Amino acid sequence: MTGVDALLLALGALTVGSAVLVVTTKHLVRAGLYLVVCLGAVAGVYLVLTAELVAWVQVLIYVGAVVVLLLFAVMLTRAPVGASDDLDRPGWPAALIGGGAGLGLAALLVDAYRWTAVELPEAGSAERIGEQVFGSWVLPFELLSVLLLAALVGAIVLSRPDIGSEDPDRSAGDGSATGDQGRSR
């Protein structure tokens, strides 16, 4: 076993361990921070595999943007930050489904490749990836940015109690409520 293999195993164990903590913790903010560790370890795996561009995109997009958006949404919606006992459910159905899905995927991969060596394609460059993302994949890229913007606007609207609520003081000032009361007398 080489040093690269040991580093990949350590990063894989860190990724799996923090992913388990994400779904098992009762604290929402801690789950977000464990998600940062998990996604950072995946970026470390990309660095070890000499895919530097993918690693930095992982850090910038997922760790930098998505997790920050998640934490801002939690703060803006004033969701409970601490442990929440009212959402507890038995974990064995999820473990059973997840384990079955994992075993099914492992069996599918073993059956598909039969432990044979696979030839890797030619290594890509940042220029080729940029041509693909901003050439043929520009519409999904822009739709994703609109989706993230809509999620942020939705979090702001949900966090403001004065938007969308019926205020009795405001409705009395428009004359419709007093006009109905005047006719009933």
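Predicted model: local features only at pLDDT ≥ 70, side-chain atom pairs only at ≥ 80, totals over all residues.
User: What makes the span of helix α1 agree with its 22 residues?

Analyst: Helix α1 covers residues 3-24, and at 1.5 Å a residue it should span 32 Å. Its end C-alpha atoms sit 31 Å apart, so the two values agree.

User: Why is Ser18 called buried?

Analyst: Ser18, which is found in helix α1, has 5% relative accessibility. Buried means under 20%, so Ser18 counts as buried.

User: Which residues does Ser18 touch?

Analyst: If you skip residues up to four places away in sequence, Ser18 touches Tyr34, Val37 and Cys38.

User: Which residues of α1 are buried, and how do you know that they're on the same side?

Analyst: In α1, Leu11, Thr15 and Ser18 are buried. They cover an arc of only 80° around the axis, and that puts them on the same side of α1. As for what they pack against, that's α2 (28-48).

User: What about the other side of α1, then: which residues are exposed there?

Analyst: Over there you'll find Leu9, Ala13, Val16, Val23 and Thr24, and they're exposed.

User: Okay, now α2. Why is Leu47 called partly exposed?

Analyst: Leu47 is found in helix α2, and its relative accessibility is 37%. Buried would need under 20%, and exposed would need over 50%. Since 37% lies in between, Leu47 counts as partly exposed.

User: And which residues is Leu47 in contact with?

Analyst: Leaving out neighbours within four places in sequence, Leu47 is in contact with Glu52, Ala55 and Trp56.

Key
Residues numbered from 1 in each chain as written. Heavy atoms only, no water. Helix = DSSP H or I, 4+ residues; strand = E, 2+ residues; numbered from the N terminus. Expected span 1.5 Å × (residues − 1). Buried < 20%, exposed > 50% of the residue type's maximum accessible area, 1.4 Å probe, protein only. Arc of directions from axis to C-beta. Contact = heavy atoms within 4.5 Å.
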